[in-house]
Amino acid sequence: MMIARTLAVALLLATPAAADRYDALRADPEIANGVLVAAIGDAIGDACPDLGERRTRSLLVLNALVNRARTLGYSVGEIRAYVDDDGEKARVKSQARQWLAQKGASTNDPGSICRVARAEIAAGTTIGRLMYVK
């Protein structure tokens, strides 16, 4: 899954933003949840080569997140800076690991991540709807 990476590519023409604006992006539930879903999707994509990403759906979700941030007054540059920030990446990856652990998976055990992913697909969750079994 390359949802977070796809967001960065979609915002190629952006410029860096002030770090103090990140708090507001983190505080927005829609954006925070979307970024977390992207990080979980990336972890699943890295661990599960037999699962694919529904790219059209993923792009629609990403577009909605960008539009949400734009309606909150953020520039494309600010959004890109947020997505590209190493500290933010580490923070969100940590949240993704916690989410996976709550579901019984570990990043040290790719099979456990794939089991969780398959359960998400079967349940039709937000994450599951963004994936398919190849």
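Predicted model: local features only at pLDDT ≥ 70, side-chain atom pairs only at ≥ 80, totals over all residues.
Visitor: What makes up the protein, and in what order do the elements come?
Guide: There are seven helices and two strands. Starting at the N terminus, they run α-α-α-β-α-α-α-α-β. The protein has 134 residues, and 40% of them count as buried. As for contacts with a separation of 6 or more, 78% are between residues 24 or more positions apart.

Visitor: What makes Cys 48 and Cys 114 a disulfide?
Guide: The S to S distance is 2.1 Å. The cut-off for a pair of cysteine sulfur atoms is 2.5 Å, so 2.1 Å qualifies. A search of the whole structure finds one disulfide.

Visitor: Why is that disulfide called left-handed?
Guide: Look at the torsion about the S-S bond: it is about -115°, so the disulfide is left-handed.

Visitor: Which parts does the pair tie together?
Guide: Cys 48 sits in the loop between H3 and strand E1 (51–53), while Cys 114 belongs to helix H7, so the bond links parts 66 residues apart in sequence. Both Cys 48 and Cys 114 are buried. Leaving out residues up to four places away in sequence, Cys 48 touches Pro 110 and Ile 113 as well as Cys 114.

Visitor: Which residues of the largest nonpolar core touch the most other members?
Guide: That core has 32 residues, and Cys 48 turns up again: it is in the group with the most contacts to other members, along with Ile 40, Ile 44, Tyr 82, Leu 100, Ile 113 and Ile 127. The elements giving two or more residues to this core are H2 (22–27), H3 (29–47), H4, H5 (76–84), H6 (86–102) and H7 (110–123). H3 supplies the largest share, nine residues.

Visitor: What makes the buried residues of H6 line one face?
Guide: The buried residues are Glu 88, Val 92, Ala 96, Trp 99 and Leu 100. Seen down the axis of H6, they fall within an arc of 110°, so they line one face of the helix. There's a background rule here: an α-helix has 3.6 residues a turn, so residues three or four places apart point the same way. H2, H3, H5 and H7 are among what covers the buried residues of H6.

Visitor: Why is Glu 88 called buried?
Guide: The cut-off for buried is under 20% relative accessible area, and Glu 88 comes in at 5%, so it counts. Apart from neighbours within four places in sequence, Glu 88 is in contact with Tyr 22, Arg 26 and Tyr 82.

Visitor: Why is Ser 106 called partly exposed?
Guide: Ser 106 has a relative accessible area of 30%; buried needs under 20% and exposed needs over 50%, so Ser 106 falls in between. You'll find Ser 106 in the loop between H6 and H7. Its side chain reaches the backbone nitrogen of Asn 108 at 3.0 Å. Not counting residues up to four places away in sequence, Ser 106 touches Ser 112 and Ile 113.

Visitor: What caps the N-terminal end of H6, and what comes just after the helix?
Guide: Asp 85 is the cap, with a side-chain oxygen 3.1 Å from the backbone nitrogen of Gly 87. Just after H6, Gly 104 takes a positive phi of about 95°.

Visitor: How do you know that the buried residues of H4 line one face?
Guide: Those residues are Ser 58, Leu 62, Leu 65, Val 66 and Ala 69. Viewed down the axis of H4, they fall within an arc of 95°, so they line one face of the helix. On the other side of H4, Thr 56, Leu 60 and Thr 71 are exposed. H4 is followed by Gly 73, whose phi is positive, near 100°.

Definitions and conventions. Residues numbered from 1 in each chain as written. Heavy atoms only, no water. Buried < 20%, exposed > 50% of the residue type's maximum accessible area, 1.4 Å probe, protein only. Helix = DSSP H or I, 4+ residues; strand = E, 2+ residues; numbered from the N terminus. Arc of directions from axis to C-beta. Core = buried A, V, L, I, M, F, W, Y, C linked by side-chain atoms within 4.5 Å. Contact = heavy atoms within 4.5 Å. Polar contact = N/O pair within 3.5 Å; in protein donor to acceptor, adjacent residues only side chain to side chain.
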